[in-house]
Amino acid sequence: MRDKIESIDPVSGEVIKSYSLPKEEEIGEIVDRSREASLSWGDTSLAERSEYLGAIREIVVDELENIVDVIQRDTGKPEVEVMMSDVLATLELIKYYENNLEEILSREKRKTPLIFYQNESYVDYEPYGVVLVIAPWNYPFQLALIPTVTALAAGNTVVLKPSEVTPYTGEMIEKVLEQADLPSGVFQVIQGDGEVGEKIIEQEPDKVFLTGAVETGKKVMKKASKNLIPVQLELGGKDPMIVFEDAQIDRAVKGAVYGGLANSGQLCISVERLYVEDSIKEDFTKKLIREVKDLDIGDENSRDFELGPMIREEQIDVVRDQFEDAISKGAESLTEWKTEGRYLFPQVLVNVDHSMKVMKEETFGPLIPVMGFNDEEEAIKLANDSEYGLDASVWSENISKAKRIASDLETGNCYINDVVKNIGNPYLPFGGAKKSGIGHYHGPEGLKCFTQSKSVMINKNKTDEINWFPYTEELSETAKKLIHTQYGDIGFLRKIKNLLELRKKLK
Ligand code: NAD
């Protein structure tokens, strides 16, 4: 087990800070503290939790400059990227839960079927207890804070394990939340790598929420399964973008460049496969190349740019491997392969097909492969030919056609005539289909995911129930009549007559 991790500025390569990793006993103590705190935190009212969310939101705004600075040093991203995707998206979601928490999690009255005459039913949404949030490095603020805040809002205490690649942001989140004066033990951070993550799971948190790679998802699930700990997984993607000839072409070109290259492609819902209708493919690709070549690539001396470095150095090798595999199988590169330090210049590949890694495996870097398609049917077939199903986009001015295609795509999320921003709509659940994940967060469903529903029934009857012992022939007859009346087609008048009879018996 490593004893320390380092935050490295991907622009200068300089070590920003070292973090010593906790020993096993310390991990146990942290989880114990979390469990103890969960007893009273789970009892706080929804209104009180909503006030805490408001406080966190205000602190994030007050600390904006510091937050942006820390994330930029940890990741080398452009300021706009940090502001829009890490901070703004997080604030929007906090505000949504702050305003809707009570409505979503309050006791819910449910209907009770006639067979349970004189009964009432309701559902309560109760916290799990201790939630472990394991975060990735690509959006180290948003993807750590959103699940954290959601779990807290649902009444759980949280142990956050930030990515070992961006511990500096993890520490900053800890300091920001400290200012919200949450009761002791309600939110704690444990720095460390995957091994530390596994050690925390061994301490039996009540739920694990992971954002990370598919292989990590499998390991986390395996570890959690030993104690039947529920897991929620937000995993990788190979998102298709489908452009029809009736789309607004210039807008679609810019959408593809943004979707494929924002955060230098280190984006789970990136445009990973670009399918363009054959009739416009050539023109589209020419325009795409022009836009790509126009992008400002950062360097050591500038902080004013569009594409930053690879946050994790090894990512360059992943992209290179896919690029070389594609070229060896007949793809053509319309750009020059070029790296400067951790900066990887954006790549566009044509003549690609589904035998190539670049069309099958997650790239997570600045590479856009472009492939043609003939008609709607082929576009859907190509898009669905993937083990992933995170996000997708369909581009056409014919909205009913686009909606029809969206319905046929095997994906957890889909955007018509735009890319990426859909993850920022807090009203919508977000999560992956197929190997892209298990469960959804965001939206009302996402908040409920951090709760266990408890169903309660109240019986107001004062006498014995007819289904109780003793079993008699009369009861058998009544049951038969009930089955025919309730579920069979016996005609209206007979139904009413039977119901009146049954009502007398049930009283
Ligand atoms: P990763 O899987 O390497 O690491 C994610 C986190 O899991 C880190 O904190 C890491 O320390 C931890 N971890 C690793 N092994 C572990 C183990 N055995 N037990 C417990 N924890 C372990 O992912 P990454 O490289 O940080 O992020 C990139 C991946 O995340 C990509 O595949 C990307 O698509 C995915 N991602 C998905 C979403 C989404 O919303 N679906 C969002 C962002 C990133």
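At what angle do helix 3 (residues 64-75) and helix 6 (residues 167-178) pack, and how far apart are their axes? In this predicted model, the two helices pack at an angle of about 160 degrees, and their axes are 8 Å apart.

**Helix 3 and helix 6**

- Because angles over 145 degrees count as roughly antiparallel, helix 3 and helix 6 are roughly antiparallel to each other, and their crossing is left-handed.
- On the side of helix 3 the contact is made by Asn-66, Ile-67, Val-70, Ile-71, Arg-73 and Asp-74, while helix 6 contributes Pro-167, Tyr-168, Thr-169, Met-172 and Val-176.
- Sorted by class, the contact of helix 3 with helix 6 has seven nonpolar residues, together with two polar and two charged ones.

**Helix 4 and helix 5**

- The axes of helix 4 (residues 79-105) and helix 5 (residues 142-153) cross at roughly 10 degrees and come within 10 Å, which makes helix 4 roughly parallel to helix 5.
- Helix 4 passes helix 5 in a right-handed crossing, and the residues of helix 4 that meet helix 5 include Ser-85, Asp-86, Leu-93, Tyr-97 and Leu-105.
- Among the residues of helix 5 that meet helix 4 are Gln-142, Leu-145, Val-149 and Ala-153, and the contact as a whole divides into 10 nonpolar, four polar and one charged residue.

**Aromatic pairs**

- A search of the whole structure finds 10 aromatic pairs, and in one of them the rings of Phe-209 and Tyr-441 have their centres 4.9 Å apart and their planes at 55 degrees, so the pair is tilted.
- This pair links distant parts of the chain, since Phe-209 lies in strand 8 (residues 207-211) and Tyr-441 in the loop between strand 21 (437-438) and helix 14 (443-448), 232 residues apart.
- Phe-209 counts as buried at 0% relative accessibility, and Tyr-441 is buried with a relative accessible area of 1%.
- The rings of Phe-244 and Phe-373 have their centres 5.1 Å apart and their planes at 75 degrees, so this pair is edge-to-face.
- Phe-244 lies in the loop between strand 10 (240-243) and helix 9 (249-261) and Phe-373 in strand 16 (residues 367-373), so the pair ties together parts that are 129 residues apart in sequence.
- Phe-244 counts as buried at 1% relative accessibility, and Phe-373 is buried with a relative accessible area of 0%.
- Ring pairs also link Phe-209, Phe-430, Tyr-441 and Phe-450 into a cluster.

Note on methods. Residues numbered from 1 in each chain as written. Predicted model: local features only at pLDDT ≥ 70, side-chain atom pairs only at ≥ 80, totals over all residues. Heavy atoms only, no water. Axes fitted to C-alpha atoms, helices over the stretch in contact; angles between N-to-C directions. Helix = DSSP H or I, 4+ residues; strand = E, 2+ residues; numbered from the N terminus. Parallel < 35°, antiparallel > 145°, perpendicular 65-115°, else oblique. Left-handed = near helix turned anticlockwise from the far one by under 90°. Contact = heavy atoms within 4.5 Å. Nonpolar A, V, L, I, M, F, W, Y, C, P; charged D, E, K, R; others polar. Phe/Tyr/Trp six-rings, centres within 6.5 Å; stacked < 30°, edge-to-face > 60°. Buried < 20%, exposed > 50% of the residue type's maximum accessible area, 1.4 Å probe, protein only.
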